[in-house]
Amino acid sequence: MALQEQALPLPGLAPQASTSLRPDHLLVAEMVEPGSRVLDVGCGDGDLLQLLESRGIDGRGIELSREGVNHCVAKGLAVVQGDADTDLGNYPDDAFDYVILSQTLQATRQPKAVLENLLRIGHRAIVSFPNFGFWKMRLQLLIGGHMPRTENLPATWYDTPNIHFCTIKDFVQLCDEIHVKMERAVALDLYGRPVPLNLPWWVWNMFGEQGVFLLSRGGKGR
Amino acid sequence: MTKVQSIKSPSIQGEDRAHEADHPSSLVAKFGMDQPLKLDCGIDLAPFQIAYQTYGELNAERSNAILVCHALTGDQHVNNLHPVTGKPGWWETMVGPGRPLDTSRYFIICSNVLGGCMGSTGPASLNPATGKVWGLDFPIITIPDMVRAQAMLIDQLGIETLFAVVGGSMGGMQAVQWAAAYPERVFSTLAIACSTRHSAQNIAFHELGRQAVMADPDWRGGSYVDQGTHPHRGLAVARMAAHITYLSDAALHRKFGRRMQDRELPTFSFDADFQVESYLRYQGSSFVERFDANSYLYLTRAMDYFDIAADHNGVLAQAFRGVETRFCVVSFTSDWLFPTSEARALVHALNASSARVSFAEIETDKGHDAFLLDVPEFFDIARAFLHSAGKSRGLGDAGA
């Protein structure tokens with residue numbers, strides 16, 4: 001797990017740099033090369049897609065909720081109503097330069113199959129997810145003795161759509177297992193700031209509120 | 001004794017309808033012997049005419065034209081009183097000032113399909129070669145033939161590129177065919193409750209309808225006009241069967257349930273005791289007032305033959321290779337005639353060919369007919385799609 005070796009040029013990522021754009025969206029957008037073709041899986045209201053298109057990127061989306069699709073179509077985005085678990089299989093190999101899964105992995109039924117599909121459809125994948133190893137989570141379980149709830153994940157255990165939580169460490173292990181190469185990895189703290197690079201790996205897993213990974217095919221074992 | 005009430009004869013004996021077939025109460029584009037329509041069956045059809053209506057104004061740049069394609073039994077009278085039935089246009093909810101197809105922004109064109117019976121050349125029209133009604137001498141036509149005729153109409157109107165082609169059901173088939181055949185002439189496509197090929201089940205339903213028409217002794221081998229009859233019973237049965245496929249179990253239950261028609265108890269007869277029976281009979285008998293039986297045979301056949309992939313080596317995605325048209329595909333949850341799976345097949349093919357496509361499945365219990373009814377979520381999608389496409393097309397916000 002050579003996470004600390006990744007280069008992290010992240011200009012303007014401090015929260016005050018933008019009032020309306022989400023820091024994780026800015027980080028994802030910064031990872032995408034201009035002029036490329038992108039599929040955003042679970043694109044919600046299309047905010048990220050809109051940000052990408054404003055940077056000259058050809059974006060497409062998949063969104064489960066009709067309200068989300070409505071919003072996207074109203075913004076002129078090309079978004080298809082669909083389910084990451086069932087519909088990714090219908091996309092041809094190598095159809096996109098990047099496939100993005102932003103804050104959606106934990107809500108899929110088969111995260112492993114979804115991840116494999118992302119890297120079949122796209123040359124690269126960008127995956128962001130909430131880190132269940134974040135210290136606030138650990139504290140709530142350890143001291144409070146109840147399932148963690150945070151500002152960004154306010155749902156209770158019985159009505160949450162998030163059925164497959166993982167920690168950054170778990171995710172890295174999965175990537176190794178299915179031979180996915182991590183080109184870049186960033187942990188963002190509660191305020192959307194990247195956790196400093198020179199800190200040891202376990203700090204990421206403790207203080208990263210979410211992880212953002214740029215992945216490509218052919219990691220370990222190939 | 002068992003009382004049997006058959007389907008009522010049409011109140012109008014078909015004169016209005018027959019008149020409309022050659023002399024429509026709408027605009028007409030005529031194409032002479034020098035402009036034959038090349039049909040898929042190999043025949044050059046000439047002369048022929050296409051009846052059409054327009055709403056709104058074409059802008060100076062000629063960039064705001066929307067072609068509306070009607071469904072199997074629709075016609076060009078989208079948003080005006082129907083010349084035969086006197087009823088409002090079939091898509092009033094969708095087309096008009098402030099509606100999703102906003103006539104204050106867009107120039108709306110709708111033509112009666114080739115093979116129809118409301119003024120475009122079809123089996124109910126006079127065959128100039130014989131001076132008699134075409135009947136079964138009319139060549140078999142296809143969805144691509146209809147679209148080819150529409151393209152000739154658009155040429156005659158001096159429109160190079162359509163801002164949008166919009167249609168539901170058979171109209172959706174035409175809309176998709178437009179993008180496949182003339183991608184450079186279609187800026188955007190809104191395809192609703194349709195598919196790129198007619199399913200076996202749908203062909204089966206159409207065959208049922210055709211056999212009902214042909215089984216009526218008044219059909220007379222298709223030459224009923226010459227012999228002064230009209231197979232209204234057979235055509236009504238065809239319409240009744242088809243109408244069931246346009247609805248859904250839930251919609252029928254909600255509208256009628258098992259409620260009785262103007263009575264408390266069953267009559268122990270084959271009278272229309274149930275409201276649903278009465279409704280279907282009304283649908284059947286009102287349909288035959290305005291529709292030609294042979295036209296019904298030809299148009300259902302055209303839908304049966306429709307299979308875009310078959311024209312592209314069996315690979316649907318190839319039909320849309322390099323297409324820059326933006327698509328919006330809409331399906332309805334309770335539509336079992338053109339279920340969401342059909343729409344998804346189109347979306348997958350468009351994805352595979354890198355086309356710009358949006359897709360939404362609208363939740364409703366109204367069945368296939370939902371696209372003709374007041375379904376606000378559907379209107380929202382249509383409006384949003386056309387509006388954003390309009391922006392890309394450079395259509396201003398303040399009217400055309």
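Student: How many of the contacts in chain A with a separation of 6 or more are accounted for by residues 24 or more positions apart?

Tutor: In this predicted model, residues 24 or more positions apart account for 65% of the contacts in chain A with a separation of 6 or more. For chain B, among contacts between residues at least 6 apart in sequence, 72% join residues at least 24 apart.

Student: How do you know whether the radius of gyration of chain B agrees with that of a compact globule?

Tutor: A compact globule with 400 residues would have a radius of gyration near 21 Å, and chain B has 21 Å, so the value agrees with the rule. Taken along the principal axes, the box that the C-alpha atoms of chain B fill is roughly 70 × 50 × 45 Å.

Student: Why are α3(A) and α10(B) called roughly parallel?

Tutor: Helix α3 of chain A, residues 66-74, packs with α10(B) at an angle of about 25°, with the axes 8 Å apart. Angles under 35 degrees count as roughly parallel, and therefore α3(A) and α10(B) are described in that way.

Student: Which residues meet where these two helices pack?

Tutor: From α3(A) come R66(A), N70(A), V73(A) and A74(A), which meet E377(B), D380(B), I381(B), A384(B), F385(B) and S388(B) in α10(B). By class, this contact of α3(A) with α10(B) has 5 nonpolar, 2 polar and 3 charged residues.

Student: What does each chain contribute to the contact as a whole, and which elements of chain B take part?

Tutor: The contact takes 14 residues from chain A and 21 residues from chain B. On the side of chain B that touches chain A, at least two residues each are supplied by β13 (326-332), α9 (340-352), β14 (356-362) and α10 (376-393), and the largest share, 8 residues, comes from α10(B). That side of chain B has 9 nonpolar, 5 polar and 7 charged residues.

Student: Why does R62(B) count as partly exposed?

Tutor: R62(B) has 15 C-beta neighbours inside 10 Å; a residue is buried at 20 or more and exposed at 12 or fewer, so R62(B) falls in between and counts as partly exposed. R62(B) lies in the loop between β4 (48-55) and β5 (65-69) of chain B, and, not counting residues up to four places away in sequence, R62(B) touches G158(B), I159(B) and E160(B).

Student: Which residues have the most contacts inside the largest nonpolar core?

Tutor: The largest nonpolar core has 173 residues, and those with the most contacts inside it are V99(A), I66(B), V68(B), I108(B), L162(B), A164(B) and V329(B). Leaving aside neighbours within four places in sequence, I108(B) is in contact with residues including I66(B), V68(B), V78(B), V95(B) and L101(B).

Definitions and conventions: Residues numbered from 1 in each chain as written. Chains lettered and ligands numbered in written order. Predicted model: local features only at pLDDT ≥ 70, side-chain atom pairs only at ≥ 80, totals over all residues. Contact = placed C-beta atoms within 7 Å. Helix = DSSP H or I, 4+ residues; strand = E, 2+ residues; numbered from the N terminus. Nonpolar A, V, L, I, M, F, W, Y, C, P; charged D, E, K, R; others polar. Core = buried A, V, L, I, M, F, W, Y, C linked by C-beta atoms within 7 Å. Rg over C-alpha atoms; globule rule 2.2 N^0.38 Å. Axes fitted to C-alpha atoms, helices over the stretch in contact; angles between N-to-C directions. Parallel < 35°, antiparallel > 145°, perpendicular 65-115°, else oblique.
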